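Subject: Structure handover

Hello,

Here is the structure I promised to pass on. Please look it over first, then read the notes below.

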Amino acid sequence: MTAQHPAKDLLLEVAGTPEFQGLVRELERFQADSAQPSIYASGLTFTAKTLYAALLQAALSKPLIYVTRSNREAEQAVELLETWTKFLGTASPAFIPAHD
């Protein structure tokens with residue numbers, strides 16, 4: 001049996017909030033009805049966006065694509081995503097740089 005990271009319970013508290021659960025429900029409904037328009041989440045800091053991405057990937061058990069405006073921003077996001085996925089015990093992200 002592997003040990004759970006101590007931060008996992010704290011991160012899972014975020015996943016249990018009504019706001020996060022509402023986002024998960026919208027995404028699940030979006031998957032069921034492809035005619036639905038895009039879903040937007042606003043008001044999150046850069047760090048919070050990466051945490052939500054890691055939590056969403058775990059909650060939906062589906063691959064997730066995280067798009068950024070630049071390679072520099074992507075590198076920062078990957079660093080944070082690696083931290084969150086390590087804490088959650090889920091798969092680490094892959095970094096695919098833009099081509100000039």
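Helices (H or I, at least four residues) and strands (E, at least two) are DSSP runs, numbered from the N terminus. By that rule, the protein chain has four helices and zero strands. The order from the N terminus on is α-α-α-α.

Some ground rules. This is a predicted model, in which local features need pLDDT of at least 70, side-chain atom pairs count only at pLDDT 80 or more, and totals for chains, interfaces and linings use all residues. Residues are numbered from 1 along each chain as its sequence is written, and side-chain values use heavy atoms, with hydrogens and water left out.

The chain as a whole

The chain holds 100 residues, and 25% of them are buried. Buried means under 20% relative accessible area, exposed over 50%, and partly exposed in between (1.4 Å probe, protein chains only). The accessible surface comes to about 7300 Å². Carbon and sulfur atoms own 55% of that surface. Areas come from the Shrake-Rupley method with a 1.4 Å probe; for residues, only the protein chains shown count as cover.

Contact means heavy atoms within 4.5 Å. Take the contacts between residues at least 6 apart in sequence: 61% of these join residues at least 24 apart.

Two residues of H4

Glu 73 lies in helix H4, which covers residues 71–88. Glu 73 counts as buried because its relative accessible area is 17%. Its side chain makes a polar contact with the side chain of Arg 69, at 3.4 Å. A polar contact is a pair of N or O atoms within 3.5 Å; within protein, one must be able to donate a hydrogen and the other to accept it, and residues adjacent in sequence count only if both atoms are side-chain atoms. Leaving out residues up to four places away in sequence, Glu 73 touches Phe 46 and Thr 68.

Thr 85 is also found in helix H4. Thr 85 is buried, at a relative accessible area of 5%. Its side chain reaches the backbone oxygen of Glu 82 at 3.1 Å. With residues up to four places away again not counted, Thr 85 touches Ala 54, Thr 90, Ala 91, Ser 92 and Pro 93.

Outside the helices

Ser 61 sits in the loop between H3 and H4. Ser 61 is not a glycine, yet has a positive phi of about 50°. Its relative accessibility is 62%, so Ser 61 counts as exposed.

Pro 97 belongs to the segment after H4. At 36% relative accessibility, Pro 97 is partly exposed. Pro 97 and Arg 72 are 25 residues apart along the chain, and their C-alpha atoms are separated by 9.4 Å.

The second largest pocket

Helix H3 (46–60) and H4 each supply at least two lining residues. H4 gives the largest share, six residues.

Best wishes
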